[in-house]
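Please keep the sequence and the structure in view while reading.

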Amino acid sequence: MAANLSLAAPPPFDAERVRRDFPILDTMVNGHPLVYLDSAASSQRPLPVLRAVEDYETHSHANVHRGVHALSQAATAAYEGARERIRRFINARSTREIIFVRGTTEGINLIAQAYARPRLRAGDEILISALEHHANIVPWQMVCEQTGCTLKVAPINRRGELLLEEFLKLLNPRTRLVAMAHVSNALGTVLPVKRIIEAAQSFGAVVLIDGAQAVPHSRVDVRALGADFYTFSGHKLYGPTGIGVLYGREELLAAMPPWQGGGDMILTVSFEKTTYNELPWKFEAGTPNMSGAVGLAAAMDYVESLGVEAIAAHEQRLLQLATAELARLPQIEIIGSAAHKASVLSFTMKGVHPHDLGTILDAEGVAVRTGHHCAMPVMTFFGLPATARASFGCYNTERDVASLVQALGKAREVFA
Amino acid sequence: MDLKELYRDVILDHNRHPRNFGRIEPADGRAEGHNPLCGDRLSVFVVLDGERVADIRFEGRGCAISTASASLMTEAVKGKDRTAIRALFDKVHALLTHPDAAPDGALGKLAALAGVREFPVRVKCASLCWHTLNAALEHGAATISTE
Ligand SMILES: Cc1ncc(COP(=O)(O)O)c(C=O)c1O
């Protein structure tokens, strides 16, 4: 029996059923049913996430780690239970390695200020890629200003792929920290992060991976990757805003000074001397976002109930379909044609500025992101002020791709 | 929401064939405008004859609304003095932001921008060139931003 079962093909991914879990998808926009193609900016939340948050707020809320009363215990259990859920999701060794943050941006800033700033000196180098989101550029520029260290940038090619050889050449014993996206938000390029991590670590550098766009589209196992630090946002993973995760290897986190000071991150405080709390709370000053943590844990349950691999395969089908459909339109140029991409399709339309395109698609109910996608250096590399970007999530369907194509036809009519 | 109201023929025409497009060097005043939201950038160059704008050009790239608005603006302000230009800007501003301001007769072709107010996120596209012109007239040389 067991053998038979394992031979059976997996059930086809039922995106129509998935859509019913996302009430917001029933919204009408400008007289058209919403076609939501902006999940790379922020995904929508399914009912189980909305309910988990409501349930926490309705039945379990009080401050955490502070009271002996029942609700405080319930809140603490919910919050710390969420941490364990997250540990399992990314296969970290211990919950001491899971720090709750507001999102990817805060995770990167925490490492910049608490890891890099105290250690780096003039002459040291931080290495990033030309594909990074501003959140993985600016915090390092700040560290460079603060310490006198230097920011190096590994280049990309016209397909939007990291030039691995160039990256390897830039590594040297002065490279103290490498910070790279796992998946580019502007182009969808998947970077060879395992290779990057191994190479960087062989030079003694510590590696931070910006996983904001990777976690929703692939199974991430931080131990298998060997990442020193890995960070992502809840709101791109069908979870709430204002919650994210910073994973760090325990030895590294333990050796770091706290970032922010306040309640929860201390054991004892006197005016003479304060002792800091243990990991992970040492890095969680102040009352945390408990309902966000609970919502993110529920989002992980949801994603695993659909199957991370099944979602990824479904999105790949849509990406390939959309790529093929748009490639047939003579006015469309696809920006970013890496061999390995996830869920993101960036493009321009000849004679129509992306901003106008965004307005016209919106009039048809189609939500895409237009602009520089917080990756101005990527736009500059391609000589563009902006692109339009369609991105796919578990709830998108072939129909959404057809609506996009149809709306692009409308844009061509308006600008005929 | 009516796209035809936004993308009127005048707008599409001025987007496709922007008037007074290019640089003036040397110029008596120049300024660069930037709309970080969409990456639009434009530069405005003016030659003054006393209080009067004797010549004006603009350069840059942007969406249809920002390009057409800049093109229409250069036509409208050429030959006018600062006071008249300020008064015209106030009328354009009212047209872009007041829900039912009737287009003022003095606006001429600029009235084609009336459709923009239905699209609040696009108002900055249309007003960028005016803020940039203001900067060019006031400070001689400046960079301004819509944010
Ligand atoms: C690759 C990448 N890094 C970082 C971020 C910043 O994430 P957040 O705004 O949630 O902190 C994003 C989100 O846009 C992203 O796509």
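## The ligand site

How far is a nitrogen atom of the ligand from an N or O atom in the side chain of Asp210(A)? The distance is 2.5 Å. This is a polar contact, a term for a pair of N or O atoms within 3.5 Å; within protein, one atom must be able to donate a hydrogen and the other to accept it, and residues adjacent in sequence count only if both atoms are side-chain atoms. A polar side-chain atom of Thr105(A) is placed 2.5 Å from an oxygen atom of the ligand, and one of Ser233(A) lies 2.7 Å from a ligand oxygen atom. The protein covers 84% of the 390 Å² of accessible area that the ligand has on its own (Shrake-Rupley method, 1.4 Å probe; for residues, only the protein chains shown count as cover).

The residues around the ligand, each with a heavy atom within 4 Å of it, include Gly103(A), Thr104(A), His133(A), Asn185(A), Gln213(A), His235(A) and Lys236(A). By class, the shell comprises two nonpolar, eight polar and two charged residues. Here Ala, Val, Leu, Ile, Met, Phe, Trp, Tyr, Cys and Pro count as nonpolar, Asp, Glu, Lys and Arg as charged, and the others, Gly among them, as polar.

## Basis of the model

The model is predicted: local features need pLDDT of at least 70 and side-chain atom pairs pLDDT 80 or more, whereas totals for chains, interfaces and linings use all residues. Residues are numbered from 1 along each chain as its sequence is written, chains are lettered from A and ligands numbered from 1 in the order in which they are written, and side-chain values use heavy atoms, without hydrogens and water.

## The seven-stranded sheet

Chain A contains an open sheet of seven strands with mixed pairing, in the order E4-E10-E9-E8-E7-E5-E6. Helices (H or I, at least four residues) and strands (E, at least two) are DSSP runs numbered from the N terminus, and two strands pair if DSSP finds at least two bridges between them. Strands E4 (98-101) and E6 (150-154) of chain A each have a single partner strand, so one side of each is left without a neighbour in the sheet. Neighbouring strands are turned by 20° against each other on average, direction ignored.

E4(A) runs antiparallel to strand E10 (residues 244-248) of chain A and is joined to it by four bridges; Ile98(A) has Tyr247(A) as its bridge partner. Helix H5 (residues 104-119) of chain A packs on this sheet, and its direction makes about 150° with that of E9(A). Contact means heavy atoms within 4.5 Å; axes are lines fitted to C-alpha atoms, for helices over the stretch in contact, and angles run from 0 to 180 degrees between N-to-C directions. Helix H6 (residues 138-147) of chain A lies across E5, E6, E7 and E8 of chain A, at about 145° to E6(A).

## The four-stranded sheet

A further open sheet of chain A has four strands in the order E13-E14-E17-E16, paired antiparallel. Its edge strands, E13 (332-335) and E16 (369-371) of chain A, each have a single partner strand. The twist averages 30° from one strand to the next. Ile334(A) stands opposite Phe347(A) in E14(A). Helix H15 (residues 398-414) of chain A lies across E13, E14 and E17 of chain A, running at about 15° to E14(A).

## Backbone features

Cis peptide bonds join Leu279(A) to Pro280(A), with omega about 0°, and Glu25(B) to Pro26(B), with omega about -5°. His65(A), although not a glycine, has a positive phi of about 60°.
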